[in-house]
Amino acid sequence: MSDIQGSTDLVTGAAQGIGRAIALRLASDGADVALVDLNEDKLGVVADEVAALGRKAISIGADVSDRDQVHAAVERADRDLGTLRTVVNNAGIVQVKPISEATPADLDAIVGVNVAGVVWGIQAAAKTFVEHGTKGAIINASSIAGHDGFALLSLYSATKFAVRALTQAAAKELAPHHITVNAYCPGVVDTDMWITVDREMAKHTGAEPGATYAQYVDGIALGRAETPQDVAGFVSYLAGPDARYMTGQAPLIDGGLVYR
């Protein structure tokens, strides 16, 4: 368990999947949590789950592709919950199609969430941390697809490679302020996103529903699909004091699927 008792943390994409698991793990480890997502109905459920763990939560509806909304969310969390110590830029979307079929709208949409959303989150967190003199942690969502480009996931892979670059550059820029910037790179996680990936890949490959997912899981050395809680435990470590000498890194946490 990470010692983050009394911390105030913000998580984007917190309404479901990995984001929800991260928010609940941070709360379980002692943090109050600002929950950010477009789906405000589901956010309310997660906020209740955080409260059941004995921690405070606020729900903030925001589109991470909109710079002003991200900055406003961070400012509100800092004002209403207390001085922020950790910002987790978790929100992301996936697209599955051949690169030859990608459209300008596809590119704009996925870059807006997966890349711009991280940029605005880093900006907003750094601004708040510097103003308060906080030795904060910024934690970004990359992926195994940020280490290895995957067929039919070209734009998604490109955005996750970009997150690694942003993480490294921001870590160098913010180190003089004692702000750490790291990323986490999950693999095949048992969430709605992978249900989507499996279904969409089957349309292009002719595989039976579930077969693509099963194929990827079969390649995992530890012999099972990843859970959101597997990811959340690592993010809590990155948010805690034991990771204070780690910055600019994007470790794989995938059960042994991609090796670097």
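## Basis of the description

Helices (H or I, at least four residues) and strands (E, at least two) are DSSP runs, numbered from the N terminus. The model is predicted: local features need pLDDT of at least 70 and side-chain atom pairs count only at pLDDT 80 or more, while totals for chains, interfaces and linings use all residues. Residues are numbered from 1 along each chain as its sequence is written, and side-chain values use heavy atoms, with hydrogens and water left out.

## The annotated tyrosine

An unreviewed UniProt entry lists Tyr 156 under "active site"; such annotations may be inferred rather than shown by experiment. Tyr 156 is placed in helix α5, residues 154–174. With a relative accessibility of 10%, Tyr 156 counts as buried (under 20% relative accessible area, 1.4 Å probe, protein chains only).

Leaving aside residues up to four places away in sequence, the contacts of Tyr 156 include Ile 93, Asn 114, Ser 143 and Met 193 (heavy atoms within 4.5 Å).

## The largest pocket

The largest pocket holds about 950 Å³ of space. A pocket is an open set of points on a 1 Å grid where a 1.4 Å probe fits, with protein on both sides within 12 Å along at least five of seven lines; lining residues have an atom within 4 Å of a point.

Its lining comprises 40 residues, and Asn 90, Gly 92, Ile 93, Thr 191 and Met 193 lie nearest the centre. At least two lining residues come from each of α1 (17–28), β2 (32–37), α5, β6 (180–186) and α6 (192–205), with α6 giving the largest share, five residues. Because domain 1 (8–187 + 228–253) and domain 2 (188–225) both contribute to the lining, the pocket lies between them; the domain bounds come from an automatic or database assignment.

Conventions. Buried means under 20% relative accessible area, exposed over 50%, partly exposed in between (1.4 Å probe, protein chains only). Grid points are joined across faces, edges and corners, and a volume is the space filled by probe spheres set on the points.
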